[in-house]
Amino acid sequence: MIPRNLKPFPFICGNRMLSGYKPKSNIKDSYKILELDEGCSLDDIRNSYRNLAKKYHPDSGTATADSEAFMKVEEAYRVVLSDVTTKKKSNENSEEEEDQLKSKAPQHRHYLSFEGVGFGTPSQREKQYMQFRVDRATEQVLEYRKQRLESQYSATDLMKVRDVRQSKKVKITQAVERLVEDLIQESMAKGDFDNLSGKGKPLQKFSDCPHIDPMTHNLNRILIDNGYQPEWILMQKEIRETIEQLRKSIVASRSKLGGPMTPYRQKQWNRICEQFVEDIRKLNKRIDNFNLVVPLLSRQMVHFSADKEIVRAQKTYEALMENREASNSDTKENEEENIKRFGWKSSLLKWLNLPLK
């Protein structure tokens, strides 16, 4: 729809704007195009231009839309408007001279307002400034529409390229599957599978659950028997083995340091803890990769806390020390009891062995 207060705006044609296009048709032809007579008012010119723009504007969506006719109307409107403005200017010269004599401020002060647009009295310059703002807003709207269309076309082109790539991938996958199937059939025809122990025998079902597809279970069993496992299972096993190794290594390092903690031993322990924190950070990154490929949410793993693991290693070391002290005390008590029981026998044996030496 054309706005009610339609003003002339530049029409984009190629790489130039019609706002700076110099009209070639004369004034009489321009009045004929606008269906007006010479001496008409500005309101008549604008009303005629508005009606013709609604009729011929390319974006109006009407059956009479024609870009060439609209360009002619636009050109004629500018010629007629310039002619009327020139005639009106001669009548307003006397009024301008009186205003200039009455004004006390220098003339250039007037151009500090309205962004320096227009000429004449302040009221005239205000009207011209409003017209300038309307033209500028129209240009911005057209530029926005142009950019939006260009972005839509670019997005469409990207989607086409993506579809082409996807279709190529599908074709390649299908070609590989057909090639594998042909190789299997060729090997069966040559008798390469005749030496298999289970030739001609049905596959044994290993699941009696009626809700599970037996074919899927048979395929999984074949893969497992031949050493194939899903990626997420191998990653889970690797993560568990890594955390166990890290726990054992930090406990062993703490045991080597022993006690009590001197400044030198504390410095070594801090270095060991820093390396342990770095190893835990790498392990947590592998856990993130594992959570991306695991098919079940219940199988996902949480991050390990380095601080909690260090505290756990400290407690494990203290428990080992307590058990070692308890075992040493029990050993000493047993030795003392043996000495009390068999002390006289051992002294007798020592006395008998003296002459032999």
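Visitor: What span should helix α2 (residues 42-56) have at 1.5 Å a residue, and how far apart are its end C-alpha atoms?

Guide: Its 15 residues should span 21 Å, and the end C-alpha atoms are 21 Å apart, so the two values agree. The expected span is 1.5 Å times one less than the number of residues, and a helix here is a DSSP run of H or I with at least four residues, while a strand is a run of E with at least two, numbered from the N terminus. This is a predicted model, in which local features need pLDDT of at least 70 and side-chain atom pairs pLDDT 80 or more, whereas totals for chains, interfaces and linings use all residues. Residues are numbered from 1 along each chain as its sequence is written, and side-chain values use heavy atoms, without hydrogens or water.

Visitor: What do the same sums give for α6 (residues 214-225)?

Guide: The 12 residues of α6 should span 16 Å, and the end C-alpha atoms are 16 Å apart, which agrees. Just after α6, Gly-227 has a positive phi of about 90°.

Visitor: And how far does α5 (residues 122-190) reach?

Guide: Helix α5 has 69 residues and reaches 102 Å from its first C-alpha to its last, close to the expected 102 Å. Gly-191 follows α5, with a positive phi near 90°. The buried residues of α5 are Gln-124, Arg-125, Tyr-129, Thr-138 and Leu-142.

Visitor: Is Ser-48 called buried or exposed, and why?

Guide: Its relative accessibility is 11%, so Ser-48 counts as buried: the limit is under 20%, with exposed over 50% and partly exposed in between (1.4 Å probe, protein chains only). Ser-48 belongs to helix α2, whose buried residues also include Ile-45, Tyr-49 and Leu-52.

Visitor: What does Ser-48 touch, leaving out residues up to four places away in sequence?

Guide: Ser-48 touches Leu-34 and Leu-36, contact meaning heavy atoms within 4.5 Å. Its side chain also reaches the backbone oxygen of Leu-34 at 2.4 Å.

Visitor: Which class does Glu-35 belong to, buried or exposed, and why?

Guide: Glu-35 is exposed, because its relative accessible area is 65%. Glu-35 lies in the loop between α1 (27-33) and α2. Its phi is positive, near 60°, in a residue other than glycine. As background, most residues other than glycine have a negative phi.

Visitor: What makes Arg-247 buried rather than partly exposed?

Guide: The relative accessible area of Arg-247 is 19%, so Arg-247 is classed as buried. Arg-247 lies in helix α7 (residues 231-257).

Visitor: Which side chain makes a polar contact with that of Arg-247, and at what distance?

Guide: The partner is Glu-309, at 2.9 Å. A polar contact is a pair of N or O atoms within 3.5 Å; within protein, one must be able to donate a hydrogen and the other to accept it, and residues adjacent in sequence count only if both atoms are side-chain atoms. Apart from neighbours within four places in sequence, Arg-247 is in contact with Phe-304, Glu-309 and Arg-312. Ala-313 is 66 residues from Arg-247 along the chain, yet their C-alpha atoms are 6.8 Å apart.

Visitor: Where does the charged end of Arg-254 sit?

Guide: The charged end of Arg-254 sits over the ring of Trp-269, 5.8 Å from its centre. The rule asks for NZ of Lys or CZ of Arg within 6 Å of the ring centre and within 35 degrees of the ring normal.

Visitor: How many helices and strands does the protein have?

Guide: The protein has nine helices and two strands, in the order β-β-α-α-α-α-α-α-α-α-α. Of its 357 residues, 20% count as buried.
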